[in-house]
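Dear colleague,

Please find the structure below, handed over for your reference.

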Amino acid sequence: MQGLGRLSQEQIVFGLALLLCAGFAVMLPGFLTTNNLLNLVRSVSILGILGVAMGLVVIGRGIDLSLVALMAISVAWTLQLVANGMSLPQAVALGLAFSLAVGMINGILIAYVEIPAIFATLAMGIAIYGFGRYFLFTLDVIYMPESAQALQWIGQGSLLGIPAPILAFIAVCAAATLFLRWTTYGRYLRAVGDNLPAARITGIPARPIIVLQYMISSLIGFAAGLVTAGSIASMNTRVANSTMVYDIILVVVLGGIGLSGGRGNVRNVVVGTLLIGVLLNGMTIMNIEYTLQNVIKGVILLTAIVIDTILNPRDEQTAQQGDI
Amino acid sequence: MTVLLELRNGTKTYRGVPAVKDVTFTLEEGEVHALLGENGAGKSTLTKMLAGVVQPSAGEILLDGKTVDLPTPSDALRRGIAMVYQETSLVPSLTVAQNIYLTDDKHFHRLRGIYIAGQQFLQSLNFHVDPTALVSSLGAGQKQMVEIARAVHHNARVIIFDEPTATLTPEEKHQFFSLVERLRKRGVSIIFISHALEEALQISDRLTVMRDGEHVITDRTANFDREKIVRAMVGRTLSDELYGAHAERKVRRAGEKVLSVQNLSMNNIVRNTSFSIFAGQITGMFGLIGSGRTEAAKVIAGVMKRDFFHGGQVRLFGRPVRYRVPRPAVRDGIIYVTEDRKLEGFFETMSIAENIHLGALAGGQTKSWTVSIREMKAIAQHWSEALSVRALDNDTRVIELSGGNQQKVVVAKALVQKPRLVIFDEPTRGVDVGAIAEIHQLINRLADDGVAVLVISSYLPEILQISDRILVCRQGRIVEEFEGRKADEHTIMYAAVH
């Protein structure tokens, strides 16, 4: 137990992913090909990008349940604007501004009005979806108009044989890592997530940092939306009502970013994403039913958390404070 | 009088540190026994042993002359020993009657039955509380009545009160005393922890004083007066060794007036208080817990907000300031070092270097928006050496350090911000003896360098040893000021207790 005790959840999950990889490689003939592996990462890269957005918020001891709804509505609106004859850059700028504004409202509600993040963003997600469907466009699937074909590259293009969504995932990860480690605001974000009263007393602008964290998550969410729209040449706004947001939280928690704040890195999101990717890919090749796949995902999450709790028991303090 | 309850040679140590040392305490049948002493004298620990809340490390508890084992509070209650806490242990969302009969129901809950029984029971005690009222809607005095009713309902023969009058209004206090009188007539024995000497003298039959975890004196109340109690409370043995004779040191002269506070008020905790703090000297602020000293400091540093109307005035170097958040206060050079470092002091997931560096970032010592690891290491190196933080290296997480070293990191995080006024709130709480001396040296050095220093403490020897000037806080107000060495423990304690 002594040696095992040093393993973090991140390492456990990474080990689990490798183990699954090895298993699939032996059992499934088509698994260990360059093509399939690229496909595997590509299929989860949007989930990964959203995971980075959620991860940053969770490190700041928040949660953003409006992430998927906001992504769907702001990008769908962008496509609608292009279809209505606006130029692509202009439409993207408007969509981005809309996304950032909603993120800012989220942050203000949480930091200044002091509503718990889980309620503020849940309500915001519902409101944004309704607002978009009622005021901005009428159909629930917005197809990419001819004049927005330039967007298709980030969904379907590739560079040096690597699909663009994977490149986008890598870029977002790199930017988030730089932000967390090398900028003052990244440090502040972690400090606020670790201990809000201490951050306040130290003189960190705690409330602006909380607003910033939701704006960043909206920004990354918008980027993920563009990749989505590019790869399927449309934006299906019904994704806002799907379980996607839970999948994102799954990736974040699975990778080992504690919901109690302050802990974790972009690395954790990558590891969580890889495990889910391997799992989904393998199960799809094995032709396992979608509903059964959900059962397996849930069991894997519970297993990872149980192992983590046994290996790294929480002290009295965290047990008292709870995780959210 | 026969002895009802006795703790014989009781000792309680927390992680090797004794809170109560070899104390023998007896409670006679039908008496009101007052238990007095400074903060940390061991009063609460003593009574918690009797109520089964904590287990004695050594010694035994005797009830009716027979040794008893009290592993939990409910075991104590079953034997008739009940404790009424300062912060009430009632369930706020239930009604009065539900609270009184909370543990009686086996499986089902009969509301009508307990309301009728509750009405009769409360009347028999002459308590004017509606059994159907929600506990959350009651005032402090009424809540206490419900707690007492619950204790009596469980046939308590011994009721222990921990600072029962601290939260009561004068009128409620009066009611409380007549209630104690009624309980005594019913044959209930009472232990009464208090800071209020007059009350203890007024209602108790016997009186025990504790100091530094040891028993000092027990005698009939009639043989005491205020002077004698105060002398028993502060007469020192152990602490003299640590703090030495304080009279030797020279007193620093007051420099420029850094902060002046006029008629500061906040929520009835800080009440219309006025004082000043000067550069190049250490101002000690003494007050018992609940005297509003921490709150006054937090208002000055922007951690709490003063009252919007009639909140008074705070001037920094003659300029009126009102901080809504700590950040502008920090930027103006007012730094508050918290009394609770775990809750609001350090960042537990981070290393020593990251903690100290965050102080520098937030204090505006580094202007760039990017982080330089080399700079972080240099700052951390400099400060952990200056404060002799003992750790493997500066990448060690703060949570893994000892209390004293954690405190040094919190202090370093504050000092890196180049303060002009530092407020230390209980700077040596939970800190080992060696680190206490080091932290005191550091505070002295700060004052020698011309910084204005305010040290808040509820430990008299610390205040006397370190202060050039002493303010005494009582009930949200500075009630007395002593210059230099003119104060002694008795006069300060006399001013601080009501």
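**Findings**

Chain B contains 18 helices and 20 strands; helices (H or I, at least four residues) and strands (E, at least two) are DSSP runs, numbered from the N terminus. The radius of gyration of chain B, taken over C-alpha atoms, is 25 Å, close to the 23 Å that the globule rule gives for 498 residues, so chain B is as compact as a globular protein of that length. That rule is 2.2 Å times the number of residues to the power 0.38.

This is a predicted model, in which local features need pLDDT of at least 70 and side-chain atom pairs count only at pLDDT 80 or more, while totals for chains, interfaces and linings use all residues. Residues are numbered from 1 along each chain as its sequence is written, and chains are lettered from A and ligands numbered from 1 in the order in which they are written.

Of the 498 residues of chain B, 48% count as buried (20 or more other C-beta atoms within 10 Å of the residue's own; exposed means 12 or fewer, partly exposed in between, with C-beta atoms placed from the backbone). Helix H1 (residues 43–50) of chain B is mostly covered, eight of its eight residues being buried. After H1(B) comes Gly52(B), with a positive phi near 75 degrees.

Leu134(B) lies in the loop between helix H4 (111–124) and helix H5 (140–153) of chain B. Leu134(B) is partly exposed because 15 other C-beta atoms lie within 10 Å. Leaving aside residues up to four places away in sequence, Leu134(B) touches Ser93(B) and Thr95(B); a contact requires C-beta atoms, placed from the backbone, within 7 Å.

Between the chains, 26 residues of chain B are in contact with 17 residues of chain A. Helix H11 (326–331), helix H12 (341–344) and helix H13 (352–362) of chain B are the elements giving two or more residues to this side of chain B.

In chain A, helix H1 (residues 9–27) and helix H12 (residues 266–285) pack at an angle of about 25 degrees, with their axes 9 Å apart. Axes are lines fitted to C-alpha atoms, for helices over the stretch in contact, and angles run from 0 to 180 degrees between N-to-C directions. H1(A) is therefore roughly parallel to H12(A), a term for angles under 35 degrees. Among the residues making this contact are Phe14(A) of H1(A) and Leu275(A) of H12(A).

Yours sincerely

Note on methods. Two residues are in contact if their C-beta atoms, placed from the backbone, lie within 7 Å. Angles under 35 degrees count as roughly parallel, over 145 as roughly antiparallel, 65 to 115 as roughly perpendicular and the rest as oblique.
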